Amino acid sequence: MYQVVMLNDDFTPMEFVVMVLQEFFHRDLETATHIMLKIHHEGRGVCGVYTKDVAATKVEMVLAAARRAGHPLQCIMEAA
């Protein structure tokens, strides 16, 4: 299994991170906000744990959405 991890930066709006967590990881507003604050304060946060193929797809979807919106948001996957 692989965890999808978002990394903090000083440019991507917090609201965009919450939206991504809700849209791509199916998190409710409260959970998405909690994960976003963890990313903000600790530098990284786990969005979810998936099989390798699903995790890779989620990373690509997040990165594509961030680029379309003009944000430098980074998202990676790591072995869980």
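## His-71 and its surroundings

His-71 is in contact with Thr-12, Pro-13, Phe-16 and Ala-66, when neighbours within four places in sequence are left aside; contact means heavy atoms within 4.5 Å. The residue lies in the loop between helix 3 and strand 3 (74-79). Helices (H or I, at least four residues) and strands (E, at least two) are DSSP runs, numbered from the N terminus. With a relative accessible area of 17%, His-71 is buried. Buried means under 20% relative accessible area, exposed over 50%, and partly exposed in between, with a 1.4 Å probe and protein chains only.

## Basis of the description

This is a predicted model, in which local features need pLDDT of at least 70 and side-chain atom pairs count only at pLDDT 80 or more, while totals for chains, interfaces and linings use all residues. Residues are numbered from 1 along each chain as its sequence is written, and side-chain values use heavy atoms, with hydrogens and water left out.

## The nonpolar core

The largest nonpolar core has 23 residues, of which Val-4, Met-6, Leu-21 and Phe-25 touch the most other members. Such a core is a set of buried Ala, Val, Leu, Ile, Met, Phe, Trp, Tyr and Cys residues joined through side-chain atoms within 4.5 Å. At least two residues of this core come from each of strand 1 (2-7), helix 1 (14-25), helix 2 (29-42), strand 2 (44-50) and helix 3 (52-69). Helix 1 supplies the largest share, seven residues.

Beyond residues up to four places away in sequence, Leu-21 touches Met-6, His-26, Arg-27, Ala-32, Ile-35, Met-36 and Cys-47.

## Helix 1 against helix 3

Helix 1 and helix 3 pack at an angle of about 140°, and their axes are 11 Å apart. Axes are lines fitted to C-alpha atoms, for helices over the stretch in contact, and angles run from 0 to 180 degrees between N-to-C directions. The two helices are therefore oblique to each other. Angles under 35 degrees count as roughly parallel, over 145 as roughly antiparallel, 65 to 115 as roughly perpendicular and the rest as oblique.

Helix 1 passes helix 3 in a right-handed crossing. A crossing is left-handed if the near helix is turned anticlockwise from the far one by less than a right angle, and right-handed if clockwise. On the side of helix 1, the contact is made by Phe-16, Val-20, Phe-24 and Phe-25; on the side of helix 3, by Lys-58, Met-61, Val-62, Ala-65, Ala-66 and Ala-69. By class, this contact of helix 1 with helix 3 has nine nonpolar, no polar and one charged residues. Here Ala, Val, Leu, Ile, Met, Phe, Trp, Tyr, Cys and Pro count as nonpolar, Asp, Glu, Lys and Arg as charged, and the others, Gly among them, as polar.

## Helix 1 against helix 2

The axes of helix 1 and helix 2 cross at roughly 130° and come within 9 Å. Helix 1 and helix 2 are therefore oblique to each other, and their crossing is right-handed. Met-14, Val-17, Val-18, Leu-21 and Gln-22 in helix 1 meet Leu-29, Ala-32, Thr-33, Ile-35, Met-36, Ile-39 and His-40 in helix 2. The residues of this contact of helix 1 with helix 2 divide into nine nonpolar, three polar and no charged.

## The loop between helix 1 and helix 2

His-26 lies in the loop between helix 1 and helix 2. Although His-26 is not a glycine, this residue has a positive phi of about 55°. It is exposed, with a relative accessible area of 65%.

Asp-28 also has its place in the loop between helix 1 and helix 2. At 45% relative accessibility, Asp-28 counts as partly exposed. Its C-alpha atom is separated by 9.3 Å from that of Val-18, ten residues apart along the chain.

Gln-3 lies in strand 1 and is buried, with a relative accessible area of 19%. Leaving aside neighbours within four places in sequence, Gln-3 is in contact with Val-46, Gly-48, Val-49, Ile-76, Met-77, Glu-78 and Ala-80.

Val-59 lies in helix 3 and counts as buried at 7% relative accessibility. Not counting residues up to four places away in sequence, Val-59 touches Val-4, Cys-75, Ile-76 and Met-77. The C-alpha atoms of Val-59 and Gln-74 are separated by 8.8 Å, with the two residues 15 apart along the chain. Thr-57 lies in helix 3 and counts as partly exposed at 44% relative accessibility.
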